[in-house]
Amino acid sequence: MNYQEMTTGYSFKNPEMIIAGSALIVSLITAFVSIYSAFIDRAYARASVWPRVEIQRSYNDSRSFFYYIVSNKGTGPAVIKHARLSFDNKAVKSWPDYLKMRSGRTVGHVQSHIGSIVLSSGESTKPLELHDTEVAKLLADQDNLQIELCYCSIYDECWTVQRDNNPTPIAQCTIEDKERFLQ
């Protein structure tokens, strides 16, 4: 066999070609497994810091108290970007405004800020607590306050949640200033 025949006579049956083809297939499989593994790792990292914010209320007639509580039941911190409260299709700016709308008078209460806070996993806050018997009963019987919180994970994945506690994914948290709850 001369030199010219050796350089032009490729065959897939040659051991060198079989080895090269096998190496190519193994390399492609390795690349696919690496990409898939990175995808799974990213999904796991996001799931390990997934927040889930829930809104509840509590009323006790015998002890005359009423309060709202906001909890993070997820696995990671919830960065609450804004709150929107409305009553009878009117934006509510503060708890004193809401309580005056409902009762017609100034009502003593305890409040916590919910408009821009970070709730760690398992943490809760009471944005409103009151011990006024008359107003507590009024709020418990006719509680049609609309509450919407917009929150994000540390990866800037965002959701809105209302009192039905069914989070809805959104691209980002945006709100007009006239609708923003200030406390």
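Contact here means heavy atoms within 4.5 Å. In this predicted model, Met101 makes such contacts with Phe87, Ala91 and Val92, residues up to four places away in sequence being left out of the count. Met101 is part of helix H3. With a relative accessibility of 36%, Met101 is classed as partly exposed, because the partly exposed class lies between the buried limit of under 20% and the exposed limit of over 50%. Phe87 stands 14 residues from Met101 along the chain, and the C-alpha atoms of the two are separated by 8.7 Å.

Helix H3 spans residues 95–103. Its buried residues are Trp95, Tyr98, Leu99, Arg102 and Ser103. These residues lie on the same side of H3, since they cover an arc of only 110° around the axis. Such an arrangement can be read against helix geometry: an α-helix has 3.6 residues a turn, so residues three or four places apart point the same way. The partners against which the buried residues of H3 pack are S2, S3, S4, strand S5 (110–111), S7 and H4. After H3 comes Gly104, with a positive phi near 80°.

Two packed helices are described by the angle between their axes and the distance between the axes. On the H3 side, the contact is made by Tyr98, Leu99, Arg102 and Ser103, and on the H4 side by Val135, Leu138 and Leu139. By residue class, this contact of H3 with H4 comprises 5 nonpolar, 1 polar and 1 charged.

In H4, the buried residues are Val135, Ala136, Leu139 and Ala140. They are on the same side of H4, because the arc they cover around the axis is only 135°. Exposed residues Glu134 and Asp141 are carried by the face of H4 turned away from its buried side. The buried residues of H4 pack against S1, S2, H3 and S7.

In soluble globular proteins, nonpolar side chains tend to be buried together. The largest nonpolar core of the model holds 31 residues, and the members touching the most other members are Tyr98, Leu145 and Leu149. At least two residues of this core are supplied by each of strand S1 (53–60), strand S2 (65–72), strand S3 (78–87), H3, strand S7 (124–130), H4, strand S8 (146–152) and strand S9 (158–162). S3 gives the largest share of the core, with 5 residues. Outside the four neighbouring places in sequence on either side, Tyr98 touches Tyr68, Phe87, Val92, Leu139, Asp143 and Leu145. Of these contacts of Tyr98, Leu139 also belongs to the H4 side of the helix contact, and Phe87 and Val92 are also touched by Met101.

The loop between S3 and strand S4 (90–92) contains Asp88, and Asn89 is found in the loop between S3 and S4 as well. Most residues other than glycine have a negative phi, and most peptide bonds are trans. Asp88, however, has a positive phi near 50°, and Asn89 has a positive phi near 60°. Asp88 is exposed because its relative accessibility is 53%, and Asn89 is likewise exposed, at a relative accessible area of 80%.

Terms used: Residues numbered from 1 in each chain as written. Predicted model: local features only at pLDDT ≥ 70, side-chain atom pairs only at ≥ 80, totals over all residues. Heavy atoms only, no water. Axes fitted to C-alpha atoms, helices over the stretch in contact; angles between N-to-C directions. Helix = DSSP H or I, 4+ residues; strand = E, 2+ residues; numbered from the N terminus. Nonpolar A, V, L, I, M, F, W, Y, C, P; charged D, E, K, R; others polar. Core = buried A, V, L, I, M, F, W, Y, C linked by side-chain atoms within 4.5 Å. Buried < 20%, exposed > 50% of the residue type's maximum accessible area, 1.4 Å probe, protein only. Arc of directions from axis to C-beta.
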